Amino acid sequence: MCFKSIYTIKPLLLILGVLLLGTAQAEYGINFPEPAGKVARDIYDIHMLTMQIATFLLIIVFSIVLYSVYFHRKSRGYQADQNFHNTWFGHWSWVIVPALVLGVDFTIAHGANTVLKTVWDVPKEKDIMDLKVTGHQWWWEFDYLDHGIKIESRALTEDKAGDLYLRDVDNRLVLPTGTKIRFLHTSADVNHAFWVPELAFKKDAIAGYVTETWIEMDREGVFRGQCAELCGTWHSRMPIVVEAVSPEKFAEWVGKEKAVEEAAAAEASSEKSWSKEELMAKGEALFNTKCAACHQINGTGLPPAFPPLKGSPIATGAIVDHLKIVLNGKEGTAMQSWSSLNDLEIAAIITYERNAWGNDTGDVIQPADVKNAR
Amino acid sequence: MSMPSQDDELRRKNIRLALILGGLALFFLLTSFPFWMNLFTVAGDLSR
Amino acid sequence: MTTTTMSHDEAHHHGAPTGWRRWLYSTNHKDIGTLYLLFALTMLFLGGASAMLIRAELFQPGIQLIDPDLYNNLVTNHALLMIFGAVMPAAAGLANWMIPLMIGAPDMALPRMNNLSFWILPAAATMLILSFVVPFFPGGGTQINTGWTIYPPLSVQVGMSMDFLIFAIHLLGISSILASINIIVTLLNMRAPGMTLMKMPMFCWTWLVTAFLLILVVPVLAGGVTMLLFDRHFGTSFFDAAGGGDPVLFQHLFWFFGHPEVYILLLPSIGVLSHVIPTFARKPLFGYRSMVGAMLAVATIGMVVWAHHQYTIGMSLGAVTYFMVGTILISIPVGLMVFNFIATMWRGAMTFETPMLFAIGIILMFTFGGLSGVMLAVVPADMQYHDSMFVVAHFHYVLMPGAVFGLFAGVFYWLPKWTGNMYNERLGKIFFWINVIGFNITFFPQHFLGLAGMPRRIIDYNVMFTEFNVMSSIGAMIFGLSHLLFLYIVIQTIRGGRSLKKSENKSWEGAKGLEWEVGSPPAFHTWETAPQIK
């Protein structure tokens, strides 16, 4: 009997062995990546502390149970101690055990509370850099409130991203090291959550709410994360890539971005009349980044959630209705308002949608038409 | 179908306790959230 | 201790009715208990099948088998089928079967209501399955891609299947409230003379507390989903920020139900353990009084710490500190329970039949899940764990051993009583080992996935997460298929036959309690004359 029981434990040992082997290989990633800032390091430390306490307690419980299972068995002729619960231990254990657990609880809660205060209290300094993070279905919008730049960040397709598929984006969130940054999270539609393990915090982006977190990064690098709150069909395709650079490089980057944005704005506000070819070329590029996640590159959509545009009554019907739905969105669906795009961009997208995939309406929409429709 | 009969007093006692508990559930349904408040607001908006 | 029961008036009752009427019109607690258990078994296989499909999809990176909305729909349905379809009805089934036998009552206090509370369930399950099936038909709208938490605004986007889901939740809620009322009334009014509350078997105590929890929290869920229904169709804006509502309010309502629900799933199994461990350790339960106290403490504290499921919604520092400390304090009563179980085993004369194997497995793995729960309770650390695979691993370590293994233990423990046949012990042990090993291979690697940065509820993942997902999926297949063996053992035991031993009235050497004094299987009516408890 004794021999048999050891035999049955064998599979368990086997798993344990496999797992230990697994943990020896660092590239699998078995713990949080190295934190990138003081707050993140505090969080990492409290995680390690509680994990060590938990492991220690687990070992104690396992040893006591396994000792008892081995020695206090009938097959070894052990006689049950019918009065065990009547000893002093039996009478007072209901005080002793909770007192011990309370001690452990206080150790954890005390450590956690100190960290919690630094994490939760966003510094109130004036020169703190504000970054507004807006979650959309299914991309991120980053507003550098102090610099007047706006970045749209979308997942790269598999052929462009390669091994980093679902962890790589077209426009990275570039942030300076050594600067206190306040993140203001909100959402344009459903709930999302901003999570980059190196920054060690996660906050929900909820429509109508602004939630705050902060960090001061102390090392440069590229940190990857993902949306962590289920936000519908393409929840898996909302990566976040933070690129931490020195403040000098950041200033340089800000300058470049500003120039690009100004050029785009100038182009859009020019009174120029655009040819169909120009609009189609612009429209295709814009459609493929902004619209194709739902309506698909070939315009067939994914019904019933995402209706096709190819041959659809909207894209081949009256221009007014088409403009209206793009500008205002459709309530109760994932179709949001795109009015934050400039007139030229919307004109290009609509022209493309009305002429691509055999929708040959021949309509050409000019930025001025969009301006009038707003 | 065939049920061991309960005497009347026990039966009354059982039903009374069941009704009290059902009332408790109903109480929780109606009070633990601002349901009616919002419903009245909506009704007010509609009548205007 | 007691007198045996004899039917004194044969003309008055006719034994078991035959045919479909026996089941559809049943007011007999044993038959209704059987119905509950069979229903739960069916749902266990449906929920298990959806889980295996989820894991099959996650076996490799990329989208191979199902599209993302169907994946999310499976995630939603797996949770609802398992919680409302499998675990709660199974626990109610055990309660129906065992509570009257344990307290020496002839039947449940309100037998007709008992019939109603069961027969609502198949209707609710149909509704739930329809919510899954409807999108496949033309005009059926989109799939439910919200997860079982059905947070707005996402759940407002979903098509008509969400309405089916809301009504399914209403029906399931009504069913469990009726069942709870019945159980409370039975326990308070129908105990044998001399059985005071503090002499009541532990399983009855756990169900008394569970039933009260259900009555307090299920109506709140019903209210929450009703408001959701109004938001979807009647132009209210309870949860719509644009209309002056508050999307976070739903999360509070949901988790005010959702957290006590964890204890609703857990406590009946704790009750089963309190019978299984003393039986096979051949010594009385250690600390009956502290057990009752701990349970009441768990229920009370458990009612007021719901927001630890939503640490990331941006609460004030004071609020999160309160919820953190409250949650960590739950470890005290839960720790006391686990301690009492270990102390019951200590210096016992143990044998290791299948129910006992499950009991030991529960103590070890539930402790593991509980400790990762303490880690999750720590707010700053939870900002990392939240909504990652670490959470998935944690709650499966709590609910699988804590709820499902407890129910398995109960089924193996009382199956000889119900059927009159001993199940095949060898097969039972094989089932335990495959099941437990499969479980650990499935969920242990998920801790690492979560820490490395894999969020939960994603259909597709980066190649860096491949190794542990492969491991987990293989484990899930072993784990899922092992339940076919369980089905085989149960069917074999019900059919009986010469290969199986017959059970005596007292199926286990160390068993104690009134339920072992009636026959195996018990007569259709038992304890018509109440036993006297000294």
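Two chains are in contact here when heavy atoms of one lie within 4.5 Å of heavy atoms of the other. The structure is a predicted model, and in it 2 pairs of chains are in contact, of which chains A and C share the most contacts. Chain A and chain B, by comparison, do not touch, and their nearest C-alpha atoms are 18 Å apart.

The contact between chains A and C draws on 97 residues from chain A and 96 residues from chain C. Together the two chains bury about 8500 Å², and 71% of that area is on carbon and sulfur atoms. On the side of chain C, the residues that lose the most area to chain A are C:R347, C:M383 and C:Q384, which together account for 9% of what that side buries.

Within chain A, one place to begin is an open sheet of 5 strands. Its order is β3-β2-β1-β5-β8, and its pairing is mixed. At the edges are β3, residues 149–153, and β8, residues 211–216, each of which pairs on one side only. From one strand to the next, the twist averages 20°. Strand β2 of chain A, residues 139–144, pairs with β3(A) in the antiparallel sense over 5 bridges. In this pairing A:D143 of chain A stands opposite A:K150 in β3(A). Helix α5 of chain A, residues 247–269, packs on this sheet and touches β1 (129–136), β2 and β3 of chain A. The direction of α5 makes about 85° with that of β3(A).

Chain A has another open sheet of 5 strands, in the order β4-β10-β9-β6-β7, and here too the pairing is mixed. Its edge strands are β4 (173–176) and β7 (201–205), each pairing on one side only. The twist in this sheet averages 25° from one strand to the next. Inside the strand order, β6 (residues 192–196) and β9 (residues 221–227) of chain A pair in the antiparallel sense over 2 bridges. A:W195 stands opposite A:Q226 in β9(A).

Helix α8 covers residues 319–328 and helix α9 covers residues 343–355; the angle between them is about 125°, and their axes are 11 Å apart. Because of that angle, α8(A) is oblique to α9(A). The crossing in which α8(A) passes α9(A) is right-handed. From α8(A), the contact is made by A:I319, A:H322, A:L323, A:V326 and A:L327, while α9(A) contributes A:I346, A:I350, A:E353 and A:R354. By type, the residues of this contact are 6 nonpolar, 1 polar and 2 charged.

Helix α12 (residues 354–377) and helix α14 (residues 389–419) of chain C pack at an angle of about 160°, with their axes 8 Å apart. Angles over 145 degrees count as roughly antiparallel, and α12(C) and α14(C) are therefore roughly antiparallel to each other. Helix α12(C) passes α14(C) in a left-handed crossing. The residues of their contact divide into 18 nonpolar and 8 polar, with no charged residues.

Definitions and conventions
Residues numbered from 1 in each chain as written. Chains lettered and ligands numbered in written order. Predicted model: local features only at pLDDT ≥ 70, side-chain atom pairs only at ≥ 80, totals over all residues. Heavy atoms only, no water. Pairing = 2+ DSSP bridges. Helix = DSSP H or I, 4+ residues; strand = E, 2+ residues; numbered from the N terminus. Axes fitted to C-alpha atoms, helices over the stretch in contact; angles between N-to-C directions. Parallel < 35°, antiparallel > 145°, perpendicular 65-115°, else oblique. Left-handed = near helix turned anticlockwise from the far one by under 90°. Nonpolar A, V, L, I, M, F, W, Y, C, P; charged D, E, K, R; others polar. Buried area = accessible area lost by both parts, 1.4 Å probe.
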